[in-house]
Amino acid sequence: MPEPIVTFNEETLKSDLRELVRRTVEDTLNGLLEEEAGDLVGAERYERTAEREAYRAGHYERSLTTSSGEVTIRMPKLKGMRFTTAIIERYRRRETSVEEAMIEMYLAGVSTRRIEDVSEILWGSSVSASTVSKLNERAFASVEEWRNRPLDRAYPYVYVDGIYLKRSWGGSYENVAVMVAIGVNDDGYREVIGAAEGFTESTECWREFLSWLKSRGLRGVRMFTGDKAAGMVGSIAEVFPGAAYQRCTVHFYRNVLARVPKSKRPRVAAMLKAVHAMESREAAEAKALEVASELEASKLGEAAKVVREGYAETLTYTRFPREHWRRIRTNNAIERLNREIRRRTRVVGTFPDGRSALMLVTARLKYVAESEWGSRRYLDVTLLDE
């Protein structure tokens, strides 16, 4: 049998390829950092120009875990200007996501050993049992600190809602409500300003939740938007007597349509939307009464009753600038967050206790709030003073 012409060690080859990829990633990242530094300084290294705003002052090293392994990046130091980089920002977001994933696995009952294995597969470096424990402790502390941070500015608009999750209680399972609040601050940007556990969305729970927000500094609220949960409206009037209440129009439509045969729902939905398409409160009120009469004529008395009794609560937004109407008459600002929460909590299934549910929900809220979601101006609140 002839000798093989070429032989190779498969493990050595794989190791060499991994190292080649790691070095390529490392060189590419460092090259990008140098380009970013050059753009900020306005000159190449040692170059003198009139436009130069800062000077290079060496480098410092830091480690970055990538899917190709751990790399060393050389961060440029500048004199006369702070060096910020999109690469590091992405790393911070990814780090937050990694912490959140660790919490998810931990809450889902995944063993510490399994978390170590998964971390090595996903991120290229193993995480020890002590590191997993410390990471969860640190992440929980960070999340709790953010959840209880002071609210040191005015929030003219606040959106509130509750989301139900399953928890284990004495050997059986029950729903637990996590109550969430989003505020539009006095610069027009959205912030997650509250998340707290409540056994049910009762009057007591809403009162405690709103009082907690107030104790942390919530002020300047002109209007709350939410669905008509039990106890919400009365609690708002009690804790924030100067604030108006806007019933979410989408939830209002659902309440009406629940009393309409499926075949007639598209037509009734169009009728309801026409109410909130009116250009003034007077016109909207007249349209709502017209819709109620049409429903009664169509033998939809229960739906008509909901419209007559509830339409006024859905028109509070008309007191505010017209440019704000579309975004303040519904709870859509909070719905995307609720979808994110459900997507994440579905992985866990049933939580061992309410605190675990709250921590994972808050971790997700913190992650989303610190992303592009919170960096885009939502409303021009200067219109409130005109």
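Y253 is buried, with a relative accessible area of 13%, where buried means under 20% relative accessible area with a 1.4 Å probe, protein chains only. The structure is a predicted model, in which local features need pLDDT of at least 70 and side-chain atom pairs count only at pLDDT 80 or more, while totals for chains, interfaces and linings use all residues. Residues are numbered from 1 along each chain as its sequence is written, and side-chain values use heavy atoms, without hydrogens and water.

F252 is likewise buried, at a relative accessible area of 2%. Both F252 and Y253 belong to the lining of the largest cavity, together with L272, V275, H276, A288, V307, Y311 and T314. A cavity is a set of points on a 1 Å grid over the protein atoms alone where a 1.4 Å probe fits but cannot get out, and lining residues have an atom within 4 Å of a point. The volume of the largest cavity is about 40 Å³.

Aromatic pairs, defined by ring centres within 6.5 Å (Phe, Tyr and the six-membered ring of Trp; planes under 30 degrees apart are stacked, over 60 edge-to-face, the rest tilted), number 6. The rings of F209 and W212 have centres 6.0 Å apart and planes at 35°, so this pair is tilted. Both F209 and W212 are buried. Ring pairs join W206, F209 and W212 into a cluster.

W206 is also one of the residues in contact (heavy atoms within 4.5 Å) with S235, when neighbours of S235 within four places in sequence are left aside. S235 counts as buried because its relative accessibility is 0%.

Technical notes: Buried means under 20% relative accessible area, exposed over 50%, partly exposed in between (1.4 Å probe, protein chains only). On a 1 Å grid over the protein atoms alone, a cavity is a set of points where a 1.4 Å probe fits but cannot get out, and a pocket is an open set with protein on both sides within 12 Å along at least five of seven lines; lining residues have an atom within 4 Å of a point. Grid points are joined across faces, edges and corners, and a volume is the space filled by probe spheres set on the points.
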